Amino acid sequence: MAFLPTNYEEGNIVELQVGAETFTKGDACVFDGSGQMVKATAAGNVPLFYIILEDVLTTASAGDLHRFVRTFTAPIFVADCTTTPTQAQCGTYVDTVTNAGTLDTAASTDDLFFVEKIISAADKKVQGWFKSYTVES
């Protein structure tokens with residue numbers, strides 16, 4: 001299958017796992033080290049790809065799903081992986097393997113594909129996008 005684009009005509013709303021904390025609608029959020037969304041902090045030095053779309057007034061249970069809007073417009077792809085993806089790989093960049101049609105979620109040399117979420121661990125499929133580059137003339 002290689003990479004299947006999923007959002008050419010869809011909106012940019014996605015359900016992602018959250019960490020155990022409260023959120024206010026409109027908070028900028030980032031992935032933590034476990035692949036779950038947490039509120040961004042000052043001087044975090046990470047891209048702000050997501051804004052939460054709902055209040056979570058009582059502390060969420062880690063792993064609860066909540067709606068976020070992406071802060072960018074890019075094609076989103078479903079991609080095959082060589083091994084079973086883990087939640088901790090969400091929010092990280094990974095590499096392709098030799099055939100250029102599959103991801104190696106355990107490798108991070110070239111950092112070519114950003115893993116947003118797991119579509120199916122059993123089927124070894126993740127969702128995400130390709131790293132953006134500045135084109136030089």
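Okay, let's start at one residue. Leaving aside neighbours within four places in sequence, Leu48 is in contact with Ala28, Val30, Ala40 and Thr71. Before I go on, please keep in mind that this is a predicted model. So where does Leu48 sit in the chain? Leu48 is in the loop between β4 (37-39) and β5 (50-52). Its relative accessibility is 44%, so Leu48 counts as partly exposed. And if you want a landmark, take Phe31: Leu48 and Phe31 are 17 residues apart in sequence, and their C-alpha atoms are 9.4 Å apart in space.

Next, the inside. The largest nonpolar core has 26 residues. Which of them have the most contacts inside that core? Those are Met37, Tyr50, Phe68 and Phe113. The largest share comes from β10, with 3 residues.

Now the cysteines. How many disulfides are there? The count comes to 0. Take Cys90, which is in no disulfide: the nearest cysteine sulfur belongs to Cys81, and that one is 9.8 Å away. A disulfide would need the two sulfur atoms within 2.5 Å. Cys90 has a relative accessible area of 1%, so this residue is buried. Cys29 is buried as well, with a relative accessible area of 0%.

On to the charged pairs. The structure holds 3 salt bridges, and I'll walk you through them.

Let's take Arg67 and Glu54. Their closest N and O atoms are 3.7 Å apart. Arg67 lies in strand β6 (residues 65-70) and Glu54 in the loop between β5 and β6, so this pair ties together parts that are 13 residues apart in sequence. Are these two buried or partly exposed? Arg67 is at 36% relative accessibility and counts as partly exposed. Glu54, at 24%, counts as partly exposed too.

Then there's Glu116 with Arg70, where the closest N and O atoms are 2.8 Å apart. Glu116 is in strand β10 (residues 113-120) and Arg70 is in strand β6, so here the bridge ties together parts that are 46 residues apart in sequence. Both partners, Glu116 and Arg70, are buried.

And the pair I've kept for the end is Asp80 with Lys125, whose side chains meet in a salt bridge at 2.4 Å, N to O. This one links distant parts of the chain as well: Asp80 is in strand β7 (residues 77-80), Lys125 is in strand β11 (residues 125-130), and they are 45 residues apart. With a relative accessibility of 15%, Asp80 counts as buried.

How many aromatic pairs does a search of the whole structure find? It finds 13. A pair of aromatic rings is described by the distance of the centres and the angle of the planes. I'll show you two of them.

One is Phe72 with Trp129. The ring centres are 4.4 Å apart and the planes are at 50°, so the pair is tilted. Phe72 sits in the loop between β6 and β7, while Trp129 is in strand β11, so you can follow the pair across distant parts of the chain, 57 residues apart. Both Phe72 and Trp129 are buried.

The other is Phe77 with Phe130. Here the centres are 5.2 Å apart and the planes are at 75°, so the pair is edge-to-face. Phe77 lies in strand β7 and Phe130 in strand β11, so this pair ties together parts that are 53 residues apart in sequence. What about burial? Phe77 is buried, with a relative accessible area of 14%, whereas Phe130 is partly exposed, at 31%.

Now back to Phe31, as promised.

What lies over the face of its ring? That would be Lys131, at 5.6 Å from the ring centre of Tyr93.

Key: Residues are numbered from 1 along each chain as its sequence is written. This is a predicted model: local features need pLDDT of at least 70, side-chain atom pairs count only at pLDDT 80 or more; totals for chains, interfaces and linings use all residues. Side-chain values use heavy atoms; hydrogens and water are left out. Helices (H or I, at least four residues) and strands (E, at least two) are DSSP runs, numbered from the N terminus. Buried means under 20% relative accessible area, exposed over 50%, partly exposed in between (1.4 Å probe, protein chains only). Contact means heavy atoms within 4.5 Å. A salt bridge is a side-chain nitrogen of Lys or Arg within 4 Å of a carboxyl oxygen of Asp or Glu. A nonpolar core is a set of buried Ala, Val, Leu, Ile, Met, Phe, Trp, Tyr and Cys residues joined through side-chain atoms within 4.5 Å. Rings of Phe, Tyr and Trp (its six-membered ring) pair if their centres lie within 6.5 Å; planes under 30 degrees apart count as stacked, over 60 as edge-to-face and the rest as tilted. A charge sits over a ring if NZ of Lys or CZ of Arg is within 6 Å of the ring centre and within 35 degrees of the ring normal.
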